[in-house]
Amino acid sequence: MNARTPRLSVISDEALKHPRSLTAFRGMRLLVGGYVLISALTLVAVYLLRDNPALVNDAVWVRGGIVAVTSVVMLGFVVGTARGRRRSYLRLRLASAIMVVAVAVLISLPGFLPVWMRIEQAVCGLVLIGVVVIVNGRHLRSLFTAK
């Protein structure tokens with residue numbers, strides 16, 4: 001049988017509690033927490049504006065729901081990363097970068113989203129760029145590099 005056994009290399013508590021690590025984790029928590037809050041407030045706005053088809057169409061409902069779910073998932077990745085989980089770190093790197101690209105594409109499509117939702121998505125994109133910068137920084141990359 002040729003089964004692969006997972007290699008679990010542990011990141012030391014000392015490395016996780018390094019001031020630069022703590023600063024990075026705190027920054028990511030704040031940014032992604034803000035992303036969750038913006039997403040939740042957007043869903044509230046969508047619900048309140050539901051009777052105005054010029055402001056809320058099917059794309060707004062779908063995009064608002066997707067963003068809300070992915071923001072919570074991303075918060076889980078941040079928590080896992082702060083606990084030293086390499087897979088959470090990798091998933092956070094990928095998800096944040098993919099979401100920035102998705103936001104850029106969606107706000108550039110003419111007529112796809114109402115102006116207010118484009119502005120909300122642009123704000124989310126800026127928040128996620130902050131996450132991308134932190135998560136791809138030299139300190140975290142070196143911390144989570146497989147040894």
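This is a predicted model: local features need pLDDT of at least 70, side-chain atom pairs count only at pLDDT 80 or more; totals for chains, interfaces and linings use all residues.
In which handedness of crossing, left-handed or right-handed, does α4 pass α5? The crossing is left-handed. Good morning.

Let us begin with the pair just mentioned. Helix α4 covers residues 86-108, and helix α5 covers residues 115-135. Their axes lie 9 Å apart, and the two helices pack at an angle of about 150 degrees. An angle over 145 degrees counts as roughly antiparallel. Therefore α4 and α5 are roughly antiparallel to each other.

Which residues meet here? On the α4 side, they include Tyr-89, Leu-92, Ser-96, Met-99 and Val-103. On the α5 side, Arg-118, Gln-121, Gly-125, Leu-128 and Val-132 are among them. Sorted by class, this contact of α4 with α5 has 13 nonpolar residues, three polar residues and two charged residues.

We now move to the other pair, in which α4 takes part again. Helix α3 spans residues 58-82, and its axis comes within 9 Å of that of α4. The two axes cross at roughly 155 degrees, which means that α3 is roughly antiparallel to α4. The crossing of α3 and α4 is left-handed.

In this contact, α3 contributes residues including Arg-63, Thr-70, Met-74, Phe-77 and Val-78. From α4 come, among them, Ser-88, Arg-91, Ala-95 and Leu-106. The contact of α3 with α4 has nine nonpolar, five polar and two charged residues.

Is His-139 buried or exposed? Its relative accessible area is 18%, so His-139 is buried, given that the cut-off for buried is under 20%. The side chain of His-139 makes a polar contact with the side chain of Ser-21, at 2.7 Å. Leaving aside residues up to four places away in sequence, His-139 touches His-18, Arg-20 and Ser-21.

Finally, consider Gly-27, which is found in helix α2, residues 19-48. Gly-27 has a relative accessibility of 19% and therefore counts as buried. How far apart are the C-alpha atoms of Gly-27 and Arg-138? The separation is 15 Å, while along the chain these residues are 111 residues apart.

Thank you for your attention.

Notes. Residues are numbered from 1 along each chain as its sequence is written. Side-chain values use heavy atoms; hydrogens and water are left out. Axes are lines fitted to C-alpha atoms, for helices over the stretch in contact, and angles run from 0 to 180 degrees between N-to-C directions. Helices (H or I, at least four residues) and strands (E, at least two) are DSSP runs, numbered from the N terminus. Angles under 35 degrees count as roughly parallel, over 145 as roughly antiparallel, 65 to 115 as roughly perpendicular and the rest as oblique. A crossing is left-handed if the near helix is turned anticlockwise from the far one by less than a right angle, and right-handed if clockwise. Contact means heavy atoms within 4.5 Å. Ala, Val, Leu, Ile, Met, Phe, Trp, Tyr, Cys and Pro count as nonpolar, Asp, Glu, Lys and Arg as charged, and the others, Gly among them, as polar. Buried means under 20% relative accessible area, exposed over 50%, partly exposed in between (1.4 Å probe, protein chains only). A polar contact is a pair of N or O atoms within 3.5 Å; within protein, one must be able to donate a hydrogen and the other to accept it, and residues adjacent in sequence count only if both atoms are side-chain atoms.
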